[in-house]
Amino acid sequence: MNSKEKLVVEAIQNGTVIDHLPATRTLLAVELLTDENDCFFIGVNLSSKSNPNKGIIKIQDKILSKRETEILASLAPMSTVNIIEDYKIISKGHPQIPEEAIGLFVCRNDNCITNNEPVTTRFKLNNKEHYCCYCERSFPIERLKINRPSL
Amino acid sequence: MSCLSGVRNIISINDFTRDQIIEVLKLSAQMENNRDDCLKNKCLATLFFEPSTRTRLSFEASMMQLGGSTLGFADAMVSSAKKGETLYDTIKVITQYVDIIVIRHNLEGAARVAAEASTVPVINGGDGANQHPTQTFIDLYTISKTHSELLEGKKLKIALMGDLRYGRTIHSLLIALSFFNVEFKFISPPSLRLAETYQDFLKSKNIKFDISESLDDDINSIDVLYVTRIQEERFPDPVEFSRVKGSYKITASLLSNVKKGFKILHPLPRVFEIDRSVDELEATAFFEQAGNGIPVRKALLHLLLNNHEL
């Protein structure tokens with residue numbers, strides 16, 4: 001972490017730091033990975049050795065679930081996930097991109113069967129697009145819409 | 001072992017390899033005059049949640065020519081879907097009554113869901129704007145009959161004209177033809193131009209193509225002109241539709257200077273795109289194309305029912 005980040009993004013005592021996000025996908029990551037009860041800090045267009053325009057999210061007192069990690073991997077496979085305890089990094093790694101994202105996202109095609117009948121969605125992902133295995137349409141990663149199971 | 005031995009359903013042309021496509025075309029040729037009873041005691045369910053003429057009737061005729069029988073419906077309003085039954089449940093029930101299912105549905109991905117629910121083979125007879133794979137096999141089979149060069153690896157120039165943005169037959173045909181030595185010309189109004197995704201796909205396969213708004217003077221370099229319907233509902237402005245409509249009409253006089261062996265295809269129904277004056281020309285192949293639905297669909301029924309028994 002460089003000095004500029006230290007100045008602009010608050011450190012967290014416990015929780016998760018998602019670093020090296022593409023700047024353009026940082027706000028989408030916030031939308032997909034946090035809810036109204038989470039306390040988080042974000043930084044966008046920060047400079048690092050490998051990326052002059054990275055994004056960072058620090059979520060207080062939260063560890064990403066397997067499902068959330070898959071969502072992050074779908075969105076930003078080259079990001080790093082740091083688990084923080086008492087201000088120290090206790091683990092660090094890239095999220096593993098799933099071969100197929102099952103039930104994670106909603107298809108953007110209104111006429112897809114998955115939006116009209118009780119069918120679990122399946123998407124194939126690459127760094128640019130997500131491809132619906134049912135309607136066979138591809139959409140840019142920026143248009144990922146999370147499937148929020150109803151309570 | 002045939003390269004088709006693992007094929008259990010016909011859902012999307014994207015599920016097929018080049019070798020498998022060629023094998024289907026060969027099987028179709030063998031089925032041209034085949035009326036044996038190889039599907040005796042087999043029953044086909046034709047589940048047409050959306051209207052169809054050629055697809056449903058040619059499937060039924062194909063099944064009957066091979067000694068099988070059919071049952072089904074041609075209107076979603078007479079099925080349990082009207083009562084709110086899910087497609088999954090409908091298929092779970094019907095799969096116990098028959099040996100094979102063909103389904104047409106307005107929702108994209110419906111045939112894939114049907115295949116997941118079914119214990120018998122499923123054929124996609126069209127799912128919304130997504131896929132119509134048996135039509136693609138028919139189109140390819142027709143081209144392979146009129147232009148044997150297709151399977152010999154010689155280059156063909158194929159022009160696709162009409163609604164290139166939303167037309168499902170266009171996208172499936174483009175993908176299938178990309179396995180062969182072809183060059184494309186895409187002719188459409190700007191609002192119905194081929195989507196960038198497909199243009200990128202062709203670039204990634206180094207397939208040459210050009211985009212035009214009219215069937216201009218290089219018609220004499222084209223081997224096959226594949227025409228599709230331009231639907232009025234795609235145009236918010238009726239005046240714009242009327243203007244476009246006239247520019248995409250093929251007449252006999254327009255075809256006075258075509259290449260030897262040139263053919264016009266159309267998946268039908270045609271509305272205004274091809275004038276009746278074209279019907280008697282040697283170039284006309286769209287009625288023959290519709291007729292090719294029989295050998296191709298016989299081949300697919302035979303293939304799936306045999307594979308299912310392995």
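Here are legends for a handful of close-up views of this predicted model.

Local features are described where pLDDT is at least 70 and side-chain atom pairs where it is 80 or more, while totals for chains, interfaces and linings use all residues. Residues are numbered from 1 along each chain as its sequence is written, and chains are lettered from A and ligands numbered from 1 in the order in which they are written.

**View 1. Chain A as a whole.** Chain A has 3 helices and 11 strands (DSSP runs numbered from the N terminus: H or I of at least four residues for helices, E of at least two for strands). Along the sequence they come in the order α-β-α-β-β-α-β-β-β-β-β-β-β-β. Its C-alpha atoms fill a box of roughly 50 × 35 × 25 Å along the principal axes.

**View 2. Helices α2 and α3 of chain A.** Helix α2 (residues 23–33) and helix α3 (residues 66–75) of chain A have axes that come within 10 Å and cross at roughly 160° (axes are lines fitted to C-alpha atoms over the stretch in contact, with angles from 0 to 180 degrees between N-to-C directions). The two are therefore roughly antiparallel (over 145 degrees; under 35 is roughly parallel, 65 to 115 roughly perpendicular and the rest oblique). A:Arg25, A:Leu28, A:Ala29, A:Leu32 and A:Leu33 of α2(A) make the contact with A:Glu68, A:Ile71, A:Leu72 and A:Leu75 of α3(A) (C-beta atoms, placed from the backbone, within 7 Å). By class that is 7 nonpolar, no polar and 2 charged residues (Ala, Val, Leu, Ile, Met, Phe, Trp, Tyr, Cys and Pro are nonpolar, Asp, Glu, Lys and Arg charged, and the others, Gly among them, polar).

**View 3. Where chain A touches chain B.** Chain A brings 13 residues to this contact and chain B brings 15. On the chain A side there are 6 nonpolar, 5 polar and 2 charged residues.

**View 4. Helices α1 and α5 of chain B.** Helix α1 (residues 18–30) of chain B packs against α5(B) at about 70°, with the axes 10 Å apart. That makes α1(B) roughly perpendicular to α5(B). From α1(B), B:Ile21, B:Val24, B:Leu25 and B:Ser28 meet B:Phe137, B:Leu140, B:Tyr141 and B:Ser144 of α5(B). This contact has 6 nonpolar, 2 polar and no charged residues.

**View 5. Helices α5 and α7 of chain B.** The axes of α5 (residues 133–146) and α7 (residues 168–177) of chain B come within 9 Å and cross at roughly 55°. The pair is therefore oblique. B:Pro133, B:Gln135, B:Thr136, B:Asp139 and B:Leu140 of α5(B) touch B:Thr169, B:Ser172, B:Leu173 and B:Ala176 of α7(B). Sorted by class, these are 4 nonpolar, 4 polar and 1 charged.

**View 6. The loop with B:Asp218.** B:Asp218 lies in the loop between β7 (209–212) and β8 (224–227) of chain B. B:Asp218 counts as exposed because it has 12 C-beta neighbours inside 10 Å. From B:Asp218 to B:Ile21 is 30 Å, C-alpha to C-alpha, and 197 residues in sequence.

How values were computed: A residue is buried if 20 or more other C-beta atoms lie within 10 Å of its own, exposed if 12 or fewer, and partly exposed in between; C-beta atoms are placed from the backbone. Two residues are in contact if their C-beta atoms, placed from the backbone, lie within 7 Å.
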